[in-house]
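Here is a friendly briefing to read alongside the model. It starts with strand pairing, then moves on to a helix and the ligand site.

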Amino acid sequence: MSTNNETIAARAEAVIPGGLLSPSRRLGAPIAFARAEGAYLYDADGNRYTDYHCAFGANVLGHRPPAVAAAIAETAENLDLIGAGVLELEVEVAELLVNAIPCAEQVAFCSSGSEATYHALRLARAHTGRKQIIKFQGGYHGWHDYVAMNGQSSRQMIGSYDPMSDGMLFDAARHTAILPYNDAGAVEDYIRKNPGEVAAIIVEPIAHNMGAVIAEKQFLADLRRITSEHGVVLIFDEVITGFRHALGGYQSIVGVTPDLATFGKAATSGYPIGILAGRREIMERVGRTGEGAVFMGGTFNGTPASMAAVKATIGELARPGVYERLFELGAYLRGEIDGIIARHGLKAQAAGFGSVWLVYFFDGAFRDYTDLLRNDNDLDMRFRRALIAGRQVFQPLQLKRLYLSLSHDRAVLDDTLELIDTTMAGLARS
Ligand code: PMP
């Protein structure tokens, strides 16, 4: 007899391509989730899982935070989408963001991180009158044709056009240069060799799409200096780092202020959002009509449920001690994992920043994507599959980051650490 999970998965296969809303949601077994609470997920057969996926990072407070649910319910009593005029709620949220984020003199809203990066790049091109953009190998900035390339490339594809999808338009991509992360010299060279052509650099200030490759402070400071010297717009893509590592984004931690920044994910605790923030001189084009105007359409931009969720999420994240706790939990988990790795004599290391973590299966330092090619993908995948079989939820793909939330207390982590210990013991014996 089929389980509920199997029955639902079979129905999904019939009516949804691949049976999932994206291949990135595949877990390796048919699991139909039915309920989420704090650090836990429950499937249609009543099994409990510990969630380290946290909705691709959108969930930083834990699932279904009561303050967010209450704010949405209260808003829904008076408002749904109007799409005309202005709402005081939109202004309140914009004011909170302008106060929290160093680069934000003005903000605009859309519905996803991909939209935010698309608009940031269009805005940078309009502002500079130039075409070229620079992104870094291993970075991810969304699904659109300007940037959906050169993520986890094979060694042979590094530096060449390596699209993430069939059907992409090369004409849209050929103005995107791919350079190595943490290498300001390569950026300066490129801009010098292409004078007056580069509109923008888009960079994850911590490259969480390679796991957790942290930008050297000097690299970000150099990008700031080079872009200012050459009239290039510096964009920090803080879709993962924003709200998760600090209310003001990683820019508030590292002390380098970009011209524009994009946010999404953790800003709402799980409701659709994209935020574009930046210098007034650039942002004001979004509000213009006619000459020099940048069109930032979107029926659902700033839908009230999402606005209420941002406001409530910021309220929760602004409580004293929240980030200390997230960082303390992350440090505890990484410290314990490193202890386990040492005990079993594996060539691996816990990596991460704050509440983002993963295990790299290589030893030694790393600062760009090519260093990660040392990862033992086979061990990485065996580790991941064993943990997922033990009812831990995260992506079964090498180098992918995992998350934790404020609901992951030490007891939750200790249960997972026990499983990590037996899994690592097995890997060490093999
Ligand atoms: N930028 C970064 C750094 C991301 O990690 C992501 C999503 N993983 C995006 C942009 C795109 O965001 P969304 O999935 O909301 O379109």
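In this predicted model, Trp357 stands opposite Leu402 of strand E16. E14 and E16 pair in the antiparallel sense, over two bridges.

**The sheet**
- Three strands form an open sheet with antiparallel pairing, in the order E13-E14-E16.
- Its edge strands are E13 (349–353) and E16 (402–403), each of which pairs on one side only.

**Helix H13**
- H13 (residues 377–389) has 13 residues, which at 1.5 Å a residue should span 18 Å; its end C-alpha atoms are 18 Å apart, so the two agree.
- Which residues of H13 are buried? They are Leu379, Asp380, Phe383, Arg384 and Leu387.
- An α-helix has 3.6 residues a turn, so residues three or four places apart point the same way.
- The cover over the buried residues of H13 includes strand E14 (356–360), strand E15 (392–393) and helix H14 (410–429).
- On the face of H13 turned away from its buried side are the exposed residues Asp378 and Ala389.
- After H13 comes Arg391, with a positive phi near 65°.

**The ligand site**
- How many residues surround the ligand? There are 14, and the closest are Ser112, Gly113, Ser114, Gly142 and Val239.
- Helix H4 (residues 113–128) gives the most to this shell, with three residues.
- By class, the shell around the ligand holds eight polar, four nonpolar and two charged residues.

Note on methods. Residues are numbered from 1 along each chain as its sequence is written. This is a predicted model: local features need pLDDT of at least 70, side-chain atom pairs count only at pLDDT 80 or more; totals for chains, interfaces and linings use all residues. A residue is near a molecule or strand if its C-beta atom, placed from the backbone, lies within 6 Å of it. Helices (H or I, at least four residues) and strands (E, at least two) are DSSP runs, numbered from the N terminus. Ala, Val, Leu, Ile, Met, Phe, Trp, Tyr, Cys and Pro count as nonpolar, Asp, Glu, Lys and Arg as charged, and the others, Gly among them, as polar. The expected span of a helix is 1.5 Å times one less than its number of residues. A residue is buried if 20 or more other C-beta atoms lie within 10 Å of its own, exposed if 12 or fewer, and partly exposed in between; C-beta atoms are placed from the backbone. Two residues are in contact if their C-beta atoms, placed from the backbone, lie within 7 Å. Two strands pair if DSSP finds at least two bridges between them.
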